[in-house]
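Please look at the sequence and structure first.

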Amino acid sequence: MKVGVFGLGYVGTVTAACLAREGHQVIGTDINADKVETVNRGYSPVLEDGVDRLVRDAVRLERLRATTDQAEAISSSDVSLICVGTPSRENGSLDLDPVRTVVEQIAKALGQRREPHTVVMRSTVLPGTTREVVGPVLEGLSGRRLGADLNLCFTPEFLREGASVRDFFDPPKTVIGEWAPGHGDAVAELFSGLSAPLFRTTLEEAESVKYADNAFHALKITFANELGNFCKARGVDSHRVMDVFCHDTKLNLSPAYLKPGYAFGGSCLPKDLRALVYDARQADLPMRLFEAVLRSNEEQVQRALDFVRASGARRIGVLGLAFKAGTDDLRESPLVELVESLLGKGFDLSVFDRHVSIGQLVGSNRQYIDREIPHLAQLMRESLEDVVADSELLIVGNRDPIFEPVVRDALASRRVLDLVRLFDDVEELGENYHGICW
Ligand SMILES: NC(=O)c1ccc[n+]([C@@H]2O[C@H](COP(=O)([O-])OP(=O)(O)OC[C@H]3O[C@@H](n4cnc5c(N)ncnc54)[C@H](O)[C@@H]3O)[C@@H](O)[C@H]2O)c1
């Protein structure tokens, strides 16, 4: 394919050199004339393992050249990859000026042509930017409509500096966010040589994936460092700990616990995090991440409460009281906390959880209820159907499978706040179906 690469920094240079290596005809552009000249002399303007040789070979084979003239790049390509920088401003916001400028240049050049073209954002931008900033500029200045022969995509780059050529050819995934279905066909073809799993999504999903990835990587590093600080203070070898930790691909390095829903609770997580934070404090060791985790978790309960208050409903049915289905353990259940708060605010509540029968509870579980929520027993109902019938708003608190058909039916006539997202076909379920973080 004929490809224009806009911005010859780390991402642009590696992308241009690797696509040329794959046999595509690539033209790179940059506002920095030195970078352009460097490429045309057969050298890479960035220091990256393996990229110099790729640039040299590609230039020699006349598969790669560079220019400062955007219009020339557009007239020589079918696909434009935008790889300009999106640096931080002083206040942390994203500086979109380079993106706006390059999109304006591309749009004007596209206005001079009628051939089909696909514009692909590779620069990291916040959800909504490609549709709300890039799209209108493209249409406005080119005089062309997005659709039939002008396509718009966001395809994030997952390379790591230092290993970027390797990462380009062996990425963890390829994600193509599309303005509308079909817009990503040319990009899919461009990257069809890569064996990575391909995901075609909306623009906003693809933009968000990039932020999810980077936020998670940053979180992992900070998690490891904070835990390492703690281990060191306690004379424990953190690397040996993390070797064992990483071996667990069932619960630790796995999809477990990674779907947005409701607050964590139960008899272990809150207690153990608090103990860790307290113990570290005794060693004058701040545990900022873990402290923030506890605070953030409390706020998640507050979000559910806010939703219910804003809904205007007074009669609330709660389906599931234990923090997960199949247990009768109510200790530190964030659902109990929610029920308590709602009760305190004067809501009319009824609760169903077939695994929690107050009469049968014993031991620390029973003590917890007697101490924390002695009036809970009066709210419990024996019949799921009665709870649904009596409520204006239903709150789904755990994944008991018997909830699914009942909630699906109930959606026809009442609102549901599903804290666990029982269903995936959210679009089909209409305006009555809500979550607090999905
Ligand atoms: N560096 C990485 O490892 C990495 C990985 C994934 C994603 N990203 C994202 O990719 C984007 C680019 O990152 P980078 O590290 O390659 O940036 P960079 O600063 O190294 O390169 C950006 C290049 O764009 C050029 N440029 C600016 N305006 C231009 C214009 N109007 N026309 C043509 N060229 C123009 C600049 O001169 C510069 O050479 C950023 O959004 C970044 O967040 C970077």
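Beyond its neighbours within four places in sequence, L81 is in contact with V3, G4, V5, F6, T15, L19, V120, R122 and L190. This is a predicted model.

L81 also belongs to the largest nonpolar core, which has 34 residues. Within that core, L19, V26, L64 and L81 have the most contacts. Three strands, β1 (2–6), β3 (64–67) and β4 (79–82), each supply at least two of the core residues. So much for the strands. On the helix side, α1 (10–21), α2 (33–40), α3 (51–60), α7 (164–169) and α8 (185–190) each do likewise. The element that gives the most is α1, with 6 residues. A second core is separate and has 32 residues, including L330, L376, L379 and M380.

The whole structure holds 1 cavity of 30 Å³ or more. The volume of the largest cavity is about 100 Å³. Closest to its centre are R122, P156, E157, P171 and L194, out of 13 lining residues. R122 is also one of the contacts of L81. Both α7 and β7 (174–178) supply at least two residues of the cavity lining.

The table sets out the two linings by residue class.

| Space | Nonpolar | Polar | Charged |
|---|---|---|---|
| Largest cavity | 7 nonpolar residues | 2 polar residues | 4 charged residues |
| Second largest pocket | 9 nonpolar residues | 3 polar residues | 6 charged residues |

One helix pair remains. Two packed helices are described by the angle between their axes and the distance between the axes. At what angle do the axes of α6 and α9 cross? The angle is roughly 115 degrees, and the axes come within 8 Å. Helix α6 covers residues 129–142, and helix α9 covers residues 203–233. On the α6 side, T129, T130 and R131 make the contact. They meet L203, E204 and E207 of α9. By class, this contact has 1 nonpolar, 2 polar and 3 charged residues.

Technical notes
Residues numbered from 1 in each chain as written. Predicted model: local features only at pLDDT ≥ 70, side-chain atom pairs only at ≥ 80, totals over all residues. Heavy atoms only, no water. Nonpolar A, V, L, I, M, F, W, Y, C, P; charged D, E, K, R; others polar. Core = buried A, V, L, I, M, F, W, Y, C linked by side-chain atoms within 4.5 Å. Buried < 20%, exposed > 50% of the residue type's maximum accessible area, 1.4 Å probe, protein only. Helix = DSSP H or I, 4+ residues; strand = E, 2+ residues; numbered from the N terminus. Contact = heavy atoms within 4.5 Å. Axes fitted to C-alpha atoms, helices over the stretch in contact; angles between N-to-C directions. 1 Å grid on protein atoms, 1.4 Å probe; cavity = no way out; pocket = protein on both sides within 12 Å on 5 of 7 lines; lining within 4 Å. Points joined across faces, edges and corners; volume = space filled by probe spheres on them.
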